[in-house]
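Student: I have a structure open and want to learn to read its features. Can we take them one at a time?

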Amino acid sequence: MSTGFAYELLRNDGAARRGRIDSAHGKVETPAFMPVGTAGTVKAMTPEALGETGAEIILGNTYHLMLRPGAERIARLGGLHRFMAWPGPILTDSGGYQVMSLAKLARVSEAGVAFQSHLDGAALMLTPERATEVQALLDATITMALDECTAWPCEESTAAQSMRLSLRWAERSRAAFPARRGYGQFGIVQGSVYAGLREESAKALTAIGFEGYAVGGLAVGEGPALMLEMLEATLPYLPAERPRYLMGVGKPEDIIAAVARGVDLFDCVIPTRSGRTGQAFTRRGVVNIRNARHAEDPRPLDEACRCPACRSLSRAYLHHLVKAGEILGAMLLTWHNLVYYQELMAALRRAIEEERFAAVAAQLGRELAGGDLAPFG
Ligand SMILES: [Zn+2]
């Protein structure tokens with residue numbers, strides 16, 4: 001039976017995939033990048049501005065929202081889409097990763113994760129069932145199964161134990177998932193840097209059956225080469241007719257390399273967090289706008305960019321805003337970075353459609369490695 005949550009694979013170019021997700025909250029052209037809206041807001045962006053960047057789907061963080069303002073309260077207010085005025089698709093994480101990294105005294109057992117809120121110290125428990133319920137209260141378009149994200153480095157025996165616990169949690173998450181037309185739930189492949197464990201995890205999750213699959217536990221310190229090796233050890237065991245999501249990635253060059261291997265969805269705090277610390281992503285690589293070389297530079301950050309910072313403002317002005325700690329500096333650089341990421345994804349989608357992915361990826365890589373403009377004057 002159709003769940004109304006559809007993924008259509010439109011075209012392949014090598015292993016790269018051009019596809020489309022159709023959900024209860026609209027379509028997502030893939031490969032796609034999801035800006036991170038941690039606490040019901042993509043920091044420094046209004047929902048209108050976010051839409052104008054080209055983003056079609058955003059990510060919300062279950063852990064933050066369940067603690068404040070609370071999932072039940074958001075449900076009473078009509079769900080996260082209405083609460084934050086983002087009508088498009090929203091993917092929520094399961095909360096597990098942040099419980100284990102942010103909460104106090106997190107203890108993992110077969111039942112779930114017991115922890116203390118980092119806000120008020122309240123003793124709480126996140127189980128696969130509760131994580132799934134919270135995401136339904138938030139009205140997440142895409143719900144993630146609760147998993148344990150293994151730390152890195154990690155012994156193979158520990159990674160195996162943890163991955164199998166995540167599989168048992170995935171079964172419980174699936175059983176708790178309320179099927180609604182146009183909504184989906186993704187399972188998460190674990191297994192650290194061990195190809196055999198990754199294969200086992202991917203096959204077992206496929207046997208449970210989800211609307212999509214995520215690759216988790218990567219980009220945690222293992223480095224890009226090992227990350228790509230693990231993608232190659234995982235993706236062939238996932239069904240081609242379902243979307244694949246690489247969690248927490250990443251830098252532009254990592255996204256390009258992962259799309260080349262068949263990943264459809266990405267999320268990362270890099271463009272938004274960097275925007276608040278004076279780092280701008282451009283076709284010519286990362287520009288640190290705090291650097292004194294920009295203090296009297298009348299040129300835009302990137303003359304080809306359509307964002308408000310580049311259309312009418314100079315590097316000198318952005319430099320001044322960031323040096324002076326002005327809120328507008330963080331807003332403009334966040335906006336610019338999100339436009340850069342969305343334009344990158346659009347370029348990759350076009351390249352796959354035109355079956356020129358390898359050439360376009362190589363050209364983008366050369367531009368990124370080529371570095372910024374020479375200093376002005
Ligand atoms: Zn710009």
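Tutor: Keep in mind that this model is predicted.

Student: Is Phe-210 buried or exposed?

Tutor: Phe-210 has a relative accessible area of 3%. Buried means under 20%, so Phe-210 is buried. Tyr-213 is buried too, at 2% relative accessibility.

Student: How do I describe two rings such as these?

Tutor: A pair of aromatic rings is described by the distance of the centres and the angle of the planes. A search of the whole structure gives seven aromatic pairs. In one of them, Phe-210 and Tyr-213 sit 6.1 Å apart, centre to centre, with 85° between the planes. Planes over 60 degrees apart count as edge-to-face, so this pair is edge-to-face. Tyr-340 and Tyr-341 also make an edge-to-face pair, at 5.8 Å centre to centre and 80° between the planes.

Student: Which residue lies over the face of Tyr-183?

Tutor: Arg-180 does, at 4.3 Å from the ring centre.

Student: Why do Cys-305 and Cys-310 count as buried?

Tutor: Apply the cut-off again. Buried means under 20% relative accessible area. Cys-305 counts as buried because its relative accessibility is 13%. Cys-310 counts as buried because its value is 6%.

Student: Next, the nonpolar core. Which residues touch the most other members of the largest one?

Tutor: The largest nonpolar core has 75 residues, and Leu-246, Ile-255, Val-259, Phe-266, Leu-348 and Phe-357 touch the most other members. Helix α14, residues 327-353, supplies the largest share of this core, with eight residues. Apart from it lies another core, of 18 residues, including Ile-21, Ala-32, Ile-57 and Ala-214.

Student: What does Phe-357 touch, beyond residues up to four places away in sequence?

Tutor: Its partners are Asp-13, Ala-16, Ile-256, Val-259, Ala-260, Leu-348, Ala-351 and Ile-352.

Student: Why is helix α10 described as largely enclosed?

Tutor: Count its buried residues. Seven of the nine residues in α10, residues 252-260, are buried, so the rest of the structure largely encloses the helix. The buried ones are Pro-252, Asp-254, Ile-255, Ile-256, Ala-257, Ala-258 and Val-259. After α10 comes Gly-262, with a positive phi near 110°.

Student: Last residue. Where is the place of Ile-352?

Tutor: Ile-352 is in helix α14. Its relative accessible area is 0%, so Ile-352 is buried.

Student: How many residues separate Ile-352 and Arg-17 in sequence?

Tutor: Ile-352 and Arg-17 are 335 residues apart in sequence, but 7.0 Å apart in space, C-alpha to C-alpha. Leaving aside neighbours within four places, the contacts of Ile-352 include Arg-11, Asn-12, Arg-17, Pro-31 and Val-259. Phe-357 is also in contact with Ile-352.

Technical notes:
Residues are numbered from 1 along each chain as its sequence is written. This is a predicted model: local features need pLDDT of at least 70, side-chain atom pairs count only at pLDDT 80 or more; totals for chains, interfaces and linings use all residues. Side-chain values use heavy atoms; hydrogens and water are left out. Rings of Phe, Tyr and Trp (its six-membered ring) pair if their centres lie within 6.5 Å; planes under 30 degrees apart count as stacked, over 60 as edge-to-face and the rest as tilted. Buried means under 20% relative accessible area, exposed over 50%, partly exposed in between (1.4 Å probe, protein chains only). A charge sits over a ring if NZ of Lys or CZ of Arg is within 6 Å of the ring centre and within 35 degrees of the ring normal. A nonpolar core is a set of buried Ala, Val, Leu, Ile, Met, Phe, Trp, Tyr and Cys residues joined through side-chain atoms within 4.5 Å. Helices (H or I, at least four residues) and strands (E, at least two) are DSSP runs, numbered from the N terminus. Contact means heavy atoms within 4.5 Å.
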